[in-house]
Amino acid sequence: MKKFIFYLAPFISLFSKAYTEEQVHFPVGKDINLMGYVSKPNGKKKFPVLIMQMGHGPGTTDSKTRSYNPFAETARAIAGQGFLVLRFDKRGTGYNSENGSYADGKFSDYVSDLKAAIRAMQLRKDVDPNEIYLLGHSLGGPVVSIVANEISEVKGIILSASPGRNYDEFNYEQMVYFYKWGQDLSEEALEKELKNIKRANHLIGQPEIFCKEFPSDCEQKNNTYYLYGQNKDFWAEIVKLDPLKELTLLKCQVFAIHGTSDWVISSDNDGGPIAELMSKNKKFSNKFLNGLDHFLLKTNSKETSFQTFKSGLKGEDVKIHPELIPEITTTLKTWLNK
C-alpha cells in the first residue's frame, strides 16, 4: 500500500531588487544548528519579520534541481515590500540534511524549531522584536497556531492550506484523489485500497499492530518503529492534533487562505470549518482563492492540479497563482498599520 501526506510548502513568483539575502544559522537542540536564508529589505532600520514554516514531508524551500522554488520567490517578494523574511528547512532536509534526522523528527520538533527561529530573529539588530509574523503552509498551519499561542510577540499568522480536520479525515480524502486519478484500478481494487487506508489511519498511533497488518509500510530499527519512513512518535503526536482547538485560543491576527483547486487540503472541508469557527473573531479574516491549489499554482481543477503534481511540477504553466502574493502582502501591511 502506498502512502503520502502531501505537505509541500511552495510560494510566490515575484522578484524585487529591493532586498539583499544572507545565510543564517541558529541552534535548535543539542548539537543541532539549522540553516536558513534571510531576505532583507534595503535600508538601515529595524524591520518587522515574517518567518515561514513548511509543512510535513522532506520538501525543501530551495532546490538547484528544480525551477519552481516558490518559498524562495515569496520570501524575496515580501522582503521587497518592507519585511525581513526567514525561510529554513526542517531537520534532515535541504540545507539541513546533515543537521538532525528527518526520519526521527517529531511534530513537536517543528514547534520547538520555529520557536528557536523566532528567538534568533529577535536577537538581530535589524529586526523589531515586537513585530513578529508567521506563515504556515499545510501542516505548518497548526505549527504556527501553537507557537503564536505561546509567544505573545507574534502579532499575526497566515495559514496557507491549513487543515481544519484531524489527520484521519484529511488524509483519507487525499488518498481518495490519489487512487482515483493516480492509479489504474478497478472499482473493486479501489474499494479495497481505500478500506486499507481507513484501517491504517485508525492504527497509525498503535505501531505494533500497524506493523503486523502493514509490514511493507513499517520498519523497525534501533528498537524503534518507523511508519511510512517516519518515527512512531511523530504519528503519536499527529493523531492527537486538533487544528481547530488551537485556533480558538489565538489572540493575534489570523488570515486563512484556501484554494478551490486544492485536492490535498480542501477549501470546503478544511477551510470551511476554520472560517465558520472563527467567524465571530474580529481579528480573523479568510479568503477562498479561485483556482489556487496546494502547491500554490493556478489550475482550473483539482484533477489538473493532481496531474501537474504527478508530472513533477514541471512545465511552462507551473507558476505561482498571481493573486496570492498581493493577498499576503496586503494582509501583512494592514496588520502592521494597526
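So, F234: leaving out residues up to four places away in sequence, F234 touches H56, G105, K106, F107, Y110 and L139. By touching I mean a contact, that is, heavy atoms within 4.5 Å. F234 sits in helix α7, residues 232–238. Helices here are DSSP runs of H or I with at least four residues, strands are runs of E with at least two, and both are numbered from the N terminus.

Before I go on, this is a predicted model, so local features need pLDDT of at least 70, side-chain atom pairs count only at pLDDT 80 or more, and totals for chains, interfaces and linings use all residues. Residues are numbered from 1 along each chain as its sequence is written, and side-chain values use heavy atoms, with hydrogens and water left out.

Okay, back to F234. Is F234 buried or exposed? With a relative accessible area of 1%, F234 is buried. Buried means under 20% relative accessible area, exposed means over 50%, and partly exposed is in between, using a 1.4 Å probe and protein chains only. If you want a sense of distance, F234 and K44 are 42 Å apart in space, C-alpha to C-alpha, and 190 residues apart in sequence.

Now, aromatic rings. How many aromatic pairs does a search of the whole structure find? The search comes back with 21. Rings of Phe, Tyr and Trp (its six-membered ring) pair if their centres lie within 6.5 Å; planes under 30 degrees apart count as stacked, over 60 as edge-to-face, and the rest as tilted. Take F234 and W235: the ring centres are 5.1 Å apart and the planes are at 85°, so this pair is edge-to-face. W235 is buried too, at a relative accessible area of 2%. For a stacked pair, look at F295 and F309, at 5.3 Å centre to centre with 5° between the planes. That pair links distant parts of the chain, 14 residues apart: F295 is in the loop between β11 (284–289) and α10, and F309 is in helix α10. F295 is buried, with a relative accessible area of 0%. There's also a cluster linked by ring pairs, made of F107, Y110, Y167, F170, F210, F214, Y228, F234 and W235.

While we're on helix α10, residues 302–310, T308 lies there as well. T308 has a relative accessible area of 17%, so it counts as buried. Not counting residues up to four places away in sequence, T308 touches L297, L313 and V318.

Next, holes. The search of the whole structure finds three cavities of 30 Å³ or more. On a 1 Å grid over the protein atoms alone, a cavity is a set of points where a 1.4 Å probe fits but cannot get out, and lining residues have an atom within 4 Å of a point. Grid points are joined across faces, edges and corners, and the volume is the space filled by probe spheres set on the points. The largest cavity has a volume of about 60 Å³. Its lining is K90, R91, S101, Y102, G105, D109, Y110, D113 and Q230. Which helix gives the most to that lining? Helix α2, residues 107–122, with three residues. By class, the lining of the largest cavity has two nonpolar, three polar and four charged residues. For the classes, Ala, Val, Leu, Ile, Met, Phe, Trp, Tyr, Cys and Pro are nonpolar, Asp, Glu, Lys and Arg are charged, and the others, Gly among them, are polar.

The second largest cavity holds about 50 Å³ of space. Ten residues line that second cavity, and the closest to its centre are L139, Y167, F170, I238 and L241. Its lining has eight nonpolar, one polar and one charged residues.

On to the disulfide. A disulfide is a covalent bond between the sulfur atoms of two cysteines. Here the cut-off is a pair of cysteine sulfur atoms within 2.5 Å. The whole structure has one, and it joins C211 to C218, with 1.8 Å from S to S. The torsion about the S-S bond of C211 and C218 is about 75°, so the disulfide is right-handed. Both C211 and C218 are buried.

Last stop, helix α1, residues 70–79. Ten of its ten residues are buried, so α1 is largely enclosed by the rest of the structure. Among the elements covering the buried residues of α1 are β1 (19–29), β2 (32–41) and α11 (324–336).

Note on methods
1 Å grid on protein atoms, 1.4 Å probe; cavity = no way out; pocket = protein on both sides within 12 Å on 5 of 7 lines; lining within 4 Å.
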